[in-house]
Amino acid sequence: MKNKQFEDILIYFSKSLLGKENETEILWDLAKNCISKLDFVDCVIYLIDYDNNLLIQKAAYGPKNPKDQTLYNPVEISIGEGITGHVAQTGVAEIVNDTSIDPRYIKDDEMRLSEICVPITYENTIYGVIDCEHPDINFFNLHHLKMLSAIASICAIKIKSVRATKALLDEQDRLYKIKEEMLGLKLRALNSQMNPHFVFNALNAIQYFVASEKKRMAMEYLSTFSKLIRFYLNHIEHDTVVLADEIEMLHGYLKLQKLRYDGSFEYAINMESSPKSMNDAIIPSFIIQTLFENIIEKAMSNIEKNHFFNVTFTISESEVALKVLHQCPGTKSNMANQPEYREGILKWQDHVRLLNAVKDYHITNDVSITDNNGQYEGIISIKLPNLNL
């Protein structure tokens, strides 16, 4: 084949790839419209499956391609196995003049005596292999090797471009889904924290204080309630929150719930770190509020009173550990009764699982419950990432 004819083939192949964004189309175009013009009688194109360490036949010209874009009896070859597998492993092209004396030769559909194998490679990445065979000994030469190497380089560049584009589109799709899931999660969390029973009870409490002329308590309750509402609404757009702000709102929330449930529980919030650490720490938003919404609603479903919640925050450079010790008279079975409306509250563990899935936060949690002679004791431990790194 003359150089001018070969140049024409390369130009045609390069142009034909411009509109193709699918690897299958690229490889079949290579086989049918490029290899076919080189006067070869047989060619198979492989791609590497690195996950399974295999070469997989994807396109062919000759006996392996009886019609259309079909392969006759497609085979898979382990990387390193046979001449093709060896080239895929080393990335070095080979010409075998007599396959009958090469122990690596693997017969596919029929025995052929000459083989040329060229890697499809670009920037130290091997994408696949072009493997051609011929029934005659000493058929392939250095000119064939030069032609196939040039074709393989063009093919590799196009495959790299297609995969990069696909990876970009996949990442954009992933980020869009994460954004959608996070928005749904926040709305569910907001709906949980703003459930009608909590809001209506808060408003009824304010009305009661006003009617009873307890103006100071009414103002204090209204101030705390409005701060909570503003906090929830302001943070609906944010994925993170300063720990100090979250703890301040937790104080307000527990204070309102304590009034709502007529002093059925007491609580204490402890810090095992400096105030500066608390102001510097940043954690995922909505987890602590969702957790305590679940804890309080479940605890208050119990007929027993005198609940006590001991809350401890421990801050380090990499994480914020939260431990909630819940103690009350009664048994574990008494804690099972839950009013129907509480079923709609977003479960904090579901919240954690979703955040781990979409944000890869690696939040861990542990729950233990004991029943010691009529004294219920539950411990919830959560480790949150300190995102202020």
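1. C155 is buried, with a relative accessible area of 0%, where buried stands for under 20% relative accessible area, exposed for over 50% and partly exposed for what lies in between, computed with a 1.4 Å probe on protein chains only. C117 likewise counts as buried, because its relative accessibility is 0%.

2. The model is a predicted one, in which local features need pLDDT of at least 70 and side-chain atom pairs count only at pLDDT 80 or more, whereas totals for chains, interfaces and linings use all residues. Residues are numbered from 1 along each chain as its sequence is written, and side-chain values use heavy atoms, with hydrogens and water left out.

3. How many disulfides does the model contain? With a disulfide taken as a pair of cysteine sulfur atoms within 2.5 Å, the count comes to 0. For C117, the closest cysteine sulfur belongs to C132 and lies 8.5 Å from its own, which is too far for a bond.

4. N53 has a positive phi, near 60°, although this residue is not a glycine. Its place is the loop between β1 (43-49) and β2 (54-61), the strands (E, at least two residues) being DSSP runs numbered from the N terminus. N53 counts as partly exposed because its relative accessibility is 40%.

5. A positive phi is also found at N124, again not a glycine, with a value of about 65°. N124 sits in the loop that joins β5 (114-122) to β6 (125-134), and with a relative accessibility of 83% this asparagine counts as exposed.

Methods
Helices (H or I, at least four residues) and strands (E, at least two) are DSSP runs, numbered from the N terminus.
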